[in-house]
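Biologist: I would like to learn how to read the features of a model like the one below. Please give the general idea each time, and then the case at hand.

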Amino acid sequence: MRSNESPPELAAALRVTIGRLARSLRRNRSAAVTPSQLSALVTLDRHGPLRLADLAGHEGVRPSTLTRIVQRLEARGLARRRADPADARAALLEPTAAGRRLLGGLRAERSAALAAALAALDASDRGAIAAALPALDRLLEGLREPGAEDRAA
């Protein structure tokens, strides 16, 4: 039981556990795309269509870096550019149907892996995890900055 730990100690333990969980779920996916490509595709799926500069802002990278990522997504048929109706000189990026299918498959893969791991736990552990979810949601709300976005796939 960690309830007697100080907030800094609990924060460190929680950060390590969440990091390990996230890495484990990422390992369960196929090598279809790199983590950077996946992040950009998820952002386009959630917030698109977006201009390259706007996508770069969401991703926290320079547009020149993102250009290479987007080119790879386009080459694989996972994202496409289309004319911006508000400015014919600009292009909007969006996932293709194949990109959305890939994301759906990865999300299903991760959910299945997590469900299998949860099923292997005893009912008490599953109950503890379920009971912690509302507190984790409140914790997340406290961490979000205005305009910050959740990038999990």
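Biologist: Where is the place of Leu121?

Modeller: Helices (H or I, at least four residues) and strands (E, at least two) are DSSP runs, numbered from the N terminus. Leu121 sits in the loop between helix H5 (97-120) and helix H6 (123-143). This is a predicted model, in which local features need pLDDT of at least 70 and side-chain atom pairs count only at pLDDT 80 or more, while totals for chains, interfaces and linings use all residues. Residues are numbered from 1 along each chain as its sequence is written, and side-chain values use heavy atoms, with hydrogens and water left out.

Biologist: Is Leu121 buried, exposed or partly exposed?

Modeller: Buried means under 20% relative accessible area, exposed over 50%, and partly exposed in between (1.4 Å probe, protein chains only). Leu121 counts as partly exposed because its relative accessibility is 31%.

Biologist: What does the span of H5 say?

Modeller: The expected span of a helix is 1.5 Å times one less than its number of residues. H5 has 24 residues and should therefore span 34 Å; its end C-alpha atoms are 35 Å apart, which agrees. For H2, with 13 residues, the reach from first C-alpha to last is 18 Å, close to the 18 Å expected.

Biologist: Which residues are buried in H5, and what covers them?

Modeller: Gly99, Leu102, Leu103, Leu106 and Arg110 are buried in H5. Their cover includes helix H1 (7-27) and helix H2 (35-47). In H2, the buried residues are Gln37, Leu38, Ser39, Ala40, Leu41, Val42, Thr43 and Leu44, and what covers them includes H3, H4, E1, E2 and H5.

Biologist: Why does Gln37 count as buried, and what is Gln37 in contact with?

Modeller: Contact means heavy atoms within 4.5 Å. Gln37 is buried because its relative accessible area is 7%. Neighbours within four places in sequence aside, Gln37 is in contact with Ile69, Arg72, Leu73 and Arg76.

Biologist: How many bridges join strand E1 to strand E2?

Modeller: Two strands pair if DSSP finds at least two bridges between them. E1 (residues 79-84) and E2 (residues 87-95) run antiparallel and are joined by six bridges. Ala79 stands opposite Pro95, and Arg80 has Glu94 as its bridge partner. The hairpin from E1 to E2 goes through two residues.

Biologist: What pattern does the protein chain follow?

Modeller: There are six helices and two strands, in the order α-α-α-α-β-β-α-α along the sequence. Of the 153 residues, 25% count as buried. The accessible surface comes to about 9,900 Å², with 57% belonging to carbon and sulfur atoms. Among contacts between residues at least 6 apart in sequence, 56% join residues at least 24 apart.

Key: Areas by Shrake-Rupley, 256 points an atom, 1.4 Å probe, with all protein chains shown as cover.
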